[in-house]
Amino acid sequence: MRMTQIRTRSDKTEDIYSYMDMLDLFPEKVENYDEKLKRFYTEHIHGDEEIRYCLKGSDRWFEQARDRMGSESKDPREEVIQAWYMDDSDADQRLPHHRDPQEFVSFEKLDELGVLSWRLDADNYETDPELKKIREDRGYSYMDFCEVCPEKLPNYEEKIKNFYEEHLHTDEEIRYCVAGSGYFDVRDRDEAWIRVWVKKGAMIVLPAGIYHRFTLDSDNYIKAMRLFVGDPVWTPFNRPHDHLPARQEYVDNFVNKAGCGPAVDATAA
Ligand SMILES: CSCCC(=O)/C(O)=C/O
Ligand SMILES: [Fe+2]
Ligand code: NI
């Protein structure tokens, strides 16, 4: 076959592409199609140019590949953690309070605010090696459980009210939802509320000094593992407590940091 001469860079000689073959990429033609798809879809580089000439088909292939890979390519946290900007309505705090249109928030954006998260195996938390490693790496020596429902939580009504007062702590707030669900609301850099919905299997860390609050959702139940470095201190400092060193450190490290990316994850559905 005659190769068309293509020169895109002046330092290249003619007819450099001496090799040519064809690749028909669809399930019936390719052995181990799914495995190959996975390899192509995994971010990578080559030591040489990648030159492809599409004779048939289109970039619909890329969409089909992504659909076929399904949840494999998705961040596993998406199943148990979702975050979005809240509306300004005074309606029941246990409602989702989405904006119209909805504005989802990415894990990267949460990360920029110092909010960390994992998806863990909540059915096996006693033996889960991933949880063990996080606890070792981050020094979470203390652990107990907080079950939020009238039967299990003493002074339920008062606690529910206090959890929803905007406050900060001088240490991280580490919660691992092992059953039920709930909303942790955190302030972004511009003081807007981001609602972080945690469901069974979601573990989140709110950094020391971030203004936040907690509420049950309309299912009215959560069982959360609480972790802490050393002897626990649960004291909430209701807003304003801007003079606390923990707040000042948070502002220095996360609010006044340069190079903030866009707030909204346009790809989330
Ligand atoms: C789901 S744990 C109860 C909420 C809590 O402990 C807290 O500190 C909220 O800010
Ligand atoms: Fe708190
Ligand atoms: Ni004070």
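Q: Which residues are around ligand 1?
A: Keep in mind that this is a predicted model. The residues around ligand 1 are F163, H167, H169, E173, R175, H212, F214, I222 and A224.

Q: How does that shell divide into nonpolar, polar and charged?
A: There are 4 nonpolar residues, 3 polar and 2 charged.

Q: Which side chains have an N or O atom 2.8 Å from an oxygen atom of ligand 1?
A: H167 has one at 2.8 Å, and R175 has one at 2.8 Å too. The side chain of E173 also comes in, with an N or O atom 2.9 Å from an oxygen of ligand 1.

Q: And how much of ligand 1 does the protein bury?
A: Taken alone, ligand 1 exposes 320 Å², and the protein buries 96% of that.

Q: Which elements give two or more residues to the shell?
A: Those are β5 (173-187), β8 (212-216) and β9 (222-228).

Q: OK, on to the iron ion, ligand 2. What are its protein donors?
A: H167, H169 and H212 each use NE2, and E173 uses OE. They lie 2.0 to 2.2 Å from the iron ion.

Q: What spacing do the donors follow along the chain?
A: It's H-x1-H-x3-E-x38-H.

Q: What about the geometry, octahedral or irregular?
A: Irregular: the angles among the 6 donor atoms run from 68 to 166 degrees. For reference, ideal angles for six octahedral donors are 90 or 180 degrees.

Q: Is H167 buried or exposed?
A: H167 is buried, at 5% relative accessibility. H169 counts as buried as well, at 9%.

Q: Is H243 buried or exposed?
A: H243 is exposed, because its relative accessible area is 55% and the cut-off for exposed is over 50%.

Q: Changing topic: which peptide bonds are cis?
A: The bond from D100 to P101 is one, with omega near 0 degrees. Another cis bond joins R239 and P240, where omega is about 5 degrees.

Q: Where do those prolines lie?
A: P101 is in the loop between β1 and α3. P240 is in the loop between β10 (237-238) and α6 (245-255).

Q: What else is in that loop between β1 and α3?
A: H97 is there, and its phi is positive, near 60 degrees, in a residue other than glycine. H97 is buried, with a relative accessible area of 7%.

Q: And where is S106?
A: S106 also has its place between β1 (81-85) and α3 (107-112). At 12% relative accessibility, S106 counts as buried.

Q: What does the S106 side chain reach?
A: The backbone nitrogen of K109, at 3.1 Å.

Q: How far apart are S106 and Q82?
A: They're 24 residues apart in sequence and 8.3 Å apart in space, going C-alpha to C-alpha.

Q: Back to positive phi. What about N155?
A: N155 has a phi of about 55 degrees, although this residue is not a glycine. N155 sits in the loop between β3 (142-148) and α5 (156-163).

Q: Buried or exposed, N155?
A: N155 is exposed, with a relative accessible area of 52%.

Q: Last one: what caps the N-terminal end of α4?
A: D128 does. One of its side-chain oxygens lies 3.0 Å from the backbone nitrogen of E130, and the helix covers residues 129-138.

Q: And what follows α4?
A: G139, with a positive phi near 75 degrees.

Conventions. Residues numbered from 1 in each chain as written. Chains lettered and ligands numbered in written order. Predicted model: local features only at pLDDT ≥ 70, side-chain atom pairs only at ≥ 80, totals over all residues. Heavy atoms only, no water. Buried < 20%, exposed > 50% of the residue type's maximum accessible area, 1.4 Å probe, protein only. Donors = N, O, S within 2.8 Å, 3.2 Å for Na, K, Ca; no water. Tetrahedral: all angles 85-135°; square planar, octahedral: opposite > 155°, others 65-115°. Near = heavy atom within 4 Å. Polar contact = N/O pair within 3.5 Å; in protein donor to acceptor, adjacent residues only side chain to side chain. Areas by Shrake-Rupley, 256 points an atom, 1.4 Å probe, with all protein chains shown as cover. Helix = DSSP H or I, 4+ residues; strand = E, 2+ residues; numbered from the N terminus. Nonpolar A, V, L, I, M, F, W, Y, C, P; charged D, E, K, R; others polar.
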